[in-house]
Amino acid sequence: MAIFEKRLEQKVVLDDTEPITCTIETAQNIDGHTEYVLRAQRGPYPENSWRILRRYNDFASLNKCLQISGIDLSFPGKKFIGNMRPDFIAERLIALQEFLNQVLMNPILASSLPTKKFIDPDSYSTPFHDLALQYASMCLRTDGVFTLGQSLGPIGWRLRKHYFKVVHKPQGNKHSPGHSNTKHHLIKSSSQSHGKQHTTQVCVTTSTEKDYNTKESGKDDLILTWTEFGPDKYIDEKEIHNVLKNFGSVQHPYIAPIEYIASNDNGALVIRKFYKQGSLKDVLCAASPCNPFLSKYGSPKGRAPLPLKELALYARQILEAIRFLHSKGMACGHVHCGNVLIVDGVARLMDVENFIFGVPSFYRPFFVQHSKINTCEAIDVYGFGHLLYEMCMGYPLQDSYARQILDCPDSLKALLESILSKDACKSALPTLDQLAAHPFFGEYAASFNDQYAMAIAAQKPHLKFSTNAKEQLKLAIQKTENRVRDEQKSVKNQKRLVRVQEMMTSEEEKKKIKHKAKQEQRQAKLRAQNSLQLNNGPPQMVTVSASSGSAGAVMVKSDSANSIVSPHDAALMSPPPHATDSGGSASSPLPPPSAPPIPPPSSLPLFEQATASGLGSSSNGRHLVKSISGDDHSSSNRSALLESICNFNKSGLKKINISD
């Protein structure tokens with residue numbers, strides 16, 4: 001690399017519409033106060049994540065900035081005593097996480113500058129408004145036609161778009177004789193944060209300027225918008241000036257005209273007429289256009305849908321403007337109620353130059369979730385569906401598709417379902433020509449064709465691009481669609497990964513549940529066996545010896561009272577220690593111990609009293625020996641029972657014939 005060669009560094013432009021998630025991971029005690037560790041992530045990939053530290057006062061400041069919206073947020077109150085206890089910090093962490101979730105799930109609050117600064121201070125601490133004031137002043141300095149006026153504040157939703165009032169400069173050659181030719185110097189206001197009023201002052205005011213202001217007071221005001229170039233700007237720096245120059249001369253009955261347009265390396269400015277009634281969204285919300293965006297649309301009180309005839313007429317006019325742009329090889333991509341003006345009963349589409357600037361669409365977080373909405377025409381159709389829904393219902397659709405559409409005629413319902421239903425978003429959306437031929441417009445806007453013919457006769461549509469400009473626009477459309485498809489693939493892959501993780505988690509949970517159930521069954525069996533051993537004692541060995549000289553048989557009783565182990569099975573069991581001697585020869589069985597004395601009959605159970613009456617020696621001289629374990633009471637009872645069984649006299653029984 002040569003010494004004097006400049007390194008070309010491409011500026012990274014963030015997509016402000018890309019959703020940001022934020023999770024409070026933990027809390028830590030630093031210098032006697034609690035700090036919460038937040039993990040934020042932009043987009044679907046975990047690589048685009050970062051961590052920040054926030055105190056409770058930071059959350060409180062964010063909540064205070066968002067109160068202007070009128071949205072009720074569940075923010076936890078401050079506590080002065082006991083706020084360092086671990087249990088309280090854990091509860092406070094959960095409450096702050098719920099507060100963050102409410103903010104980020106609301107599109108209006110999530111797109112506001114206070115929220116962006118809170119979550120991503122490194123990217124959004126730039127003085128956007130001061131830079132816009134500087135760039136706009138530099139662009140107007142060379143033309144000598146307009147003078148930059150005061151700032152209108154954050155009246156729009158874009159963080160990188162700013163609004164100013166402008167007036168025409170008085171021409172010196174038009175001064176009447178005798179008037180002063182004193183020059184006017186524009187003094188810029190000091191640097192202020194976005195959202196505050198930026199005022200301009202004039203050092204010297206002459207009678208000429210007073211006359212000019214008086215004359216201009218009856219005319220339409222002008223508004224200047226400065227917009228930074230976005231991530232979808234694909235037109236070369238050399239060609240963008242020519243493209244904007246050609247587009248500045250656009251003429252169409254349903255497109256708001258442009259008074260002046262200019263650009264530099266960072267962005268572009270556009271000057272249009274300012275209408276006091278504001279945009280279509282201001283009309284639907286009954287809001288003043290100069291109020292801050294959060295206060296206008298956060299929680300408006302006067303929402304009201306449009307009548308069906310007006311709705312059909314305005315929608316058909318907007319649709320015709322979109323069709324005109326696509327016929328000239330240009331897309332719109334920014335169709336929503338905030339970009340529509342209603343002037344004398346006519347809807348006019350504005351800010352269509354945003355496609356050239358490459359700024360992201362308002363509904364981008366919605367249509368990137370549907371892989372079939374991957375062309376510029378489909379994007380415009382999708383935006384038109386949201387605009388139609390808001391005009392019909394009076395409030396915007398807060399989801400990527402409509403789950404249920406009610407309270408509208410069947411023809412309008414069919415039109416909305418063809419664009420916003422879940423099946424339509426998954427399959428394919430209708431084309432612009434198919435929308436124009438829909439029966440709804442024939443039913444409620446039957447006279448549109450005649451009105452359009454009259455409007456064309458009064459103002460002939462005009463938009464002509466050079467050959468190079470057409471090639472640049474075509475290339476920009478292709479790159480824009482490719483970026484949308486890539487982002488849709490990323491979102492789809494991320495959703496698939498989340499589903500796989502959920503399935504794996506569910507399978508692991510199932511395995512854990514099965515393993516836990518098996519362990520519980522084993523423990524239950526062990527408990528049952530232990531209870532049987534405690535109730536019935538250890539295994540019992542019964543030795544039966546016959547006086548006739550037959551070999552003694554050993555019978556082993558199991559834990560169950562009703563089961564007896566056979567001698568063959570007993571042989572398989574390990575013999576007791578005294579069964580064999582050291583030489584391995586079998587020893588004679590030990591003599592049974594003497595039976596314990598029989599307790600008096602009064603102390604025996606009823607069954608034992610009955611058997612005690614027939615005591616006597618057994619005829620076959622059979623002796624039963626049983627090992628007894630337990631407490632004294634149970635041992636005496638068992639001994640008495642054994643003695644009764646051993647001395648039972650079978651000859652004392654009488655045979656009784658029982659006839660059935």
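**Exercise 1. Helix H6**

What span should the 16 residues of helix H6 (residues 128-143) have at 1.5 Å a residue, and how far apart are its end C-alpha atoms? Determine also which residues of H6 are buried.

*Solution.* The structure is a predicted model.
- Step 1: The expected span of a helix is 1.5 Å times one less than its number of residues.
- Step 2: For the 16 residues of H6 this rule gives 22 Å.
- Step 3: The end C-alpha atoms of H6 lie 24 Å apart, which agrees with the expectation.
- Step 4: The buried residues of H6 include Phe128, His129, Asp130, Leu133, Tyr135 and Cys139.
- Step 5: Just after H6 comes Gly144, with a positive phi of about 70°.

**Exercise 2. Helix H11**

*Solution.* 
- Step 1: Gly329 follows H11 and has a positive phi, near 80°.

**Exercise 3. Ser421**

Is Ser421 buried or exposed? Describe its surroundings as well.

*Solution.* 
- Step 1: Ser421 is located in the loop between helix H15 (410-420) and helix H16 (422-426).
- Step 2: Its relative accessible area is 17%, and buried means under 20%; therefore Ser421 is buried.
- Step 3: The side chain of Ser421 reaches the backbone nitrogen of Ala424 at 3.2 Å.
- Step 4: Leaving aside residues up to four places away in sequence, Ser421 touches Tyr401, Ala402 and Leu416.

**Exercise 4. The nonpolar cores**

Which residues have the most contacts inside the largest nonpolar core?

*Solution.* 
- Step 1: The largest nonpolar core has 88 residues.
- Step 2: Those with the most contacts inside this core are Phe247, Ile356, Tyr382, Leu388 and Met391.
- Step 3: Helix H14 (residues 376-393) supplies the largest share of this core, twelve residues.
- Step 4: Another core, of 29 residues, lies apart from the largest one; Leu38, Leu73, Phe99 and Phe118 are among its members.

**Exercise 5. The cavities**

How many cavities of 30 Å³ or more are found in the whole structure?

*Solution.* 
- Step 1: The search finds four such cavities.

Conventions. Residues numbered from 1 in each chain as written. Heavy atoms only, no water. Helix = DSSP H or I, 4+ residues; strand = E, 2+ residues; numbered from the N terminus. Buried < 20%, exposed > 50% of the residue type's maximum accessible area, 1.4 Å probe, protein only. Polar contact = N/O pair within 3.5 Å; in protein donor to acceptor, adjacent residues only side chain to side chain. Contact = heavy atoms within 4.5 Å. Core = buried A, V, L, I, M, F, W, Y, C linked by side-chain atoms within 4.5 Å. 1 Å grid on protein atoms, 1.4 Å probe; cavity = no way out; pocket = protein on both sides within 12 Å on 5 of 7 lines; lining within 4 Å. Points joined across faces, edges and corners; volume = space filled by probe spheres on them.
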